[in-house]
Every structure is written in structure tokens, then in C-alpha cells.
Amino acid sequence: MNKDDDMKEVELNEMDQEKQPMTGETPTGTEKNGCVKVKVPEDTEVKFTGLSKEELMKVAGTPGWVRTRWVLLVLFWLGWVGMLAGAIVIIVQAPRCKPIPEMHWWNEGPLYQISDLDAFSEKGLKGVEEKLDYLNQIKVKGLVLGPIHTVQENQLSTLELTSINPEFGSEEVLSSLLDRAHRKGISIVLDLTPNYEGASVWFNNAASVAERLKEACIYWLNKGVDGIFLSHLNEIANTEAWPSVQGIFNKTDATKKRALMGSVTGLITDDVSHLLNRSSVDLLLTGLLDPLEPGVRQAAVIQTLYSDHLQTSLGWSLSGRAQGSLASRSPAVPVRLYQMLLFTLPGTPVFSAGDEVGLKAGEKPEAMWDLESQTEDDNSTAKTIQEERTAVRDFFKTLSDLRGKERSLLHGDYISLYSSPTSLAFLRLWDQSERFVVALNWGSDSVTMTLTNSDLPAEAVVRVSTDTENLAVDTKVSVEKLELGPKQAVLLSYAFPG
């Protein structure tokens, strides 16, 4: 075989080896067709044991670590003292909240007088109980009932202040009314005006009735009644027996104060102020507001009583047994205007049954219960009256809701802003709470009020309005030059400027 043949044979052998599948194993079993298995030893776990106690003590005592510890300790205390000082500065510089004045249940919402129980409901006291849900919806906090005692007109010998006229119900019915009213957060006041249908409510001799009145107050308060109301208060308050009557109400339990309330008519402002001081009644309806009086005089009356007395003792009303309904006092002026006035004055608003829907003299309160029923489609007059009364009631409820939750209206300060013969404007504010501007125009012409006070902003938001076309709710209006149409009222609000 020549050399060329040997070379070819070698090349063929090499080619044959390359074509062989890589399935063979080496004798040691560690190679596979050119692949070598390499056993890598597992990582040895390294445990950190740290320094021993002896080593730590040795290192801790070195000058470097001692200085480090002292530096960290000083920095800690400096930071702590700095945060404490910062907190103190914040507390000192922050505006302090005014303490909330003492409030009683008769200051928390409107009082509702039901002088004629038969007119209010044919069921007397039971009918009142059935209407408690309705009264609760309009946020009434107290009912002034009656008088419901027995007496024959102008006959003192027939007076029984501790006996209920059977036409109105019995003590059991009154007890049921008290229980259910209290569960709804409504207090009950009894009107104990003696000769309420006679020529003289005190029989021309208040002193002769004083002892009976004292006994009746004790009797009914023990029965769970929340207060006593007396009209023509000035007559009984001038007797020697009055301090003993008034003293009954100073004895209060720990849960709820009993109220002594009264009303007066025909007195000037100074006499009313003097009576408030002398009688120490919890609430006095002054009778000084008059829709027919100029706004300047009404502003002066409000300012005088507000300045001289706690507003918790001031009651405001424009209606009643003697005065008639709110809508009848001044028929030319919408009843909503006077609702806004009473709800926003500093003191307690007092309404008569039917005032919330604008009932006029001679209209029975039972018309209120017909508002939820459907009128006949062909009776357009009845439908219009129903819609108007519903709107007046909704307006009443809106104001009642607002007064109950806004501190400025509930017990805020009163600041007179503007007055003219036919208009009035004032500001109600409390501490950092939302402020309210009240503007009323009962005249026949539009008025532009220039309102100035350091607390007032340039604009305010309309919250409640009788003129929804020109002063729509939630819109902003100028406060500096407030334009108000004839027989219109508006309630504006703005945030605390601080």
C-alpha cells in the first residue's frame, strides 16, 4: 500500500469517528462524547457569630465609641426638645376656639304653639300625639299646649289648673303624649294662663291666683311636663308670690332643666328688658317685633335686647292666640320673609300651628294634613293653593334644618348691618364657623343695601332665597352692594376669613 492510500485511510477513520453518535461513556463514567462531568463542591455555609461579650466590652470602652454615643444621645434630646418647642409654638399661635355657651332644649330649635287643640285635631291631645312624626320632620324641639285646664270664663271659683278639660283628653292621654314626644326629642310645655278666654287673664288680681299657680306648677312638673308657659307675665311677676313660683324651676334634676316661659304685649323695649331682669324667666316672648313697624325701629329693638340679655332667654314670635296667624299679620308680605326673620334672629323662634304652611285667619290647621293627598286635576285653584303651601312648608323646613346645625345661627353673635323704613340686614357669626348674612325687604320697591363690616367678603353664596329667579341658591352675589327686590328675603353665607 503506497503513501497516498495510507493518508486516505486515516481521513476516513477520522470521518467515521465524527459520524458516531455521542452515546458512549468513558471507563470512569465521567465523560460523555467529549462532555466532562465536573463535581463542584457545595458552598460551605458561613455563619456570622459577631463579637463576644468580652470583645464588645473591650471595643465599647474605646475613646472613639464613647464620643459617638455621647453625640447620638445629645442629638436625640436636642431633637426631642425641638419637637416639643415646636408643638408648644403651634398651640400658642393657633387661634383658640370660643367656648360653646350653655344651651337648653328650648334654644336648640323652634317652639310650636298649639293654642286650640280642637282646631289642630279633632282628637285633642291624642291627635297631637298622632302628629308627632310630622312635627319631628320640621325639627320642632318643643310644643306649647293649651291652655287645657278647666275654667269658666271670668269665674275664678271654677279655676282648676290641675284638671284637664275632658274635651281635650285625660291625664292618661297626656302621659302617653309625654312619653312618645320625649322619645322623639320633643319637649312638652303647658300653658297655665288662668282665665285664657276671659277679659282679664289673671282675673284682675294675679295675687289671688298665685298659690293655685304654684301648686299647679309642682303638680304638672312631677307628671313629667318640661315647662310652664304664662301669658301677660308682667302681671303675675309683679306680685309678692312670684319669687316662690319662680323658685320651683330652679330645682332641676341632673338630666333636663324645666323651663318657665312667658309672653308680654304692649310694653316698650325698656320695660321688657326690666321684666326680663326682674322675673328671671327662662324664655320671654317680647311681642316687640311688628311687621308694620319700620326696619330702623325693629333693628333698634333687636340690638337693645341682644346687648342687655343672653339670647338664650329671648323668644321671637309674630303670631299667637291674641295676635293671630303669621300670614294674617301682614297679608301683603309673603310669610316666608317672616319665617326667615324669626329663624335667624338671636334667640328662639316661636311659631303657631299653621305658620309653617302660611295658614290665614279662619283657615283650619287640618288643611296641613291634606298637603300629601292628591287634588283633582280639574280643580286648578285647589292645586295651586296646595303647591304654594307645600313650597312654604319646605322653605320652613330648610330654615329649621339650617338653624339646627349651624353654630352661627344657633348661638352666634348678632351684628346689625343695614336698616331702612322697609328693610333690614344683619350678620350672624361664631368663632371660626361659617358666617351668615340675612337681608329682608318687605317694601314695595327694590332696595340696594350697602353692607360694610371688616368680616365681610366681596361675595357670598346664596343659601336660602325667596327670589330664586334673581338670587338662585348656590350662586355668588355681591355683598357690598346687595340688591333685593320688593317683598323678598335672602340668606347668604361665607367661610371664616381667617
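Visitor: Is Thr158 buried or exposed?
Guide: Thr158 is buried in this predicted model. Its relative accessible area is 19%, and the cut-off for buried is under 20%.

Visitor: Where is Thr158 placed, and what does Thr158 touch?
Guide: Thr158 is in strand β6, residues 155-164. Leaving aside residues up to four places away in sequence, Thr158 touches Thr150, Val151 and Gln152.

Visitor: Which backbone oxygen lies 2.7 Å from a polar atom of the Thr158 side chain?
Guide: That of Gln155.

Visitor: New topic. How many aromatic pairs are there?
Guide: The count comes to ten. One of them is Tyr112 with Phe120, an edge-to-face pair at 6.3 Å centre to centre and 70° between the planes. Tyr112 and Phe120 are both buried.

Visitor: Why is the pair of Tyr219 and Trp220 edge-to-face?
Guide: Because the planes of Tyr219 and Trp220 are at 85°, and over 60 degrees counts as edge-to-face. The ring centres of Tyr219 and Trp220 are 5.0 Å apart.

Visitor: Tyr219 and Trp220: buried or exposed?
Guide: Trp220 is buried at 2% relative accessible area, whereas Tyr219 counts as partly exposed at 27%.

Visitor: Which residues form an aromatic cluster?
Guide: Phe76, Trp77 and Trp80 form one.

Visitor: On to pockets. What is the volume of the largest pocket, and how many residues line it?
Guide: The volume is about 530 Å³, and 26 residues line the largest pocket. Ser115, Asp116, Ala119, Arg321 and Pro365 lie nearest its centre.

Visitor: Which element gives the largest share of that lining?
Guide: α4, with three residues.

Visitor: How do the lining residues divide into nonpolar, polar and charged?
Guide: Ten are nonpolar, eight polar and eight charged.

Methods. Residues are numbered from 1 along each chain as its sequence is written. This is a predicted model: local features need pLDDT of at least 70, side-chain atom pairs count only at pLDDT 80 or more; totals for chains, interfaces and linings use all residues. Side-chain values use heavy atoms; hydrogens and water are left out. On a 1 Å grid over the protein atoms alone, a cavity is a set of points where a 1.4 Å probe fits but cannot get out, and a pocket is an open set with protein on both sides within 12 Å along at least five of seven lines; lining residues have an atom within 4 Å of a point. Grid points are joined across faces, edges and corners, and a volume is the space filled by probe spheres set on the points. Helices (H or I, at least four residues) and strands (E, at least two) are DSSP runs, numbered from the N terminus. Ala, Val, Leu, Ile, Met, Phe, Trp, Tyr, Cys and Pro count as nonpolar, Asp, Glu, Lys and Arg as charged, and the others, Gly among them, as polar. Buried means under 20% relative accessible area, exposed over 50%, partly exposed in between (1.4 Å probe, protein chains only). Contact means heavy atoms within 4.5 Å. A polar contact is a pair of N or O atoms within 3.5 Å; within protein, one must be able to donate a hydrogen and the other to accept it, and residues adjacent in sequence count only if both atoms are side-chain atoms. Rings of Phe, Tyr and Trp (its six-membered ring) pair if their centres lie within 6.5 Å; planes under 30 degrees apart count as stacked, over 60 as edge-to-face and the rest as tilted.
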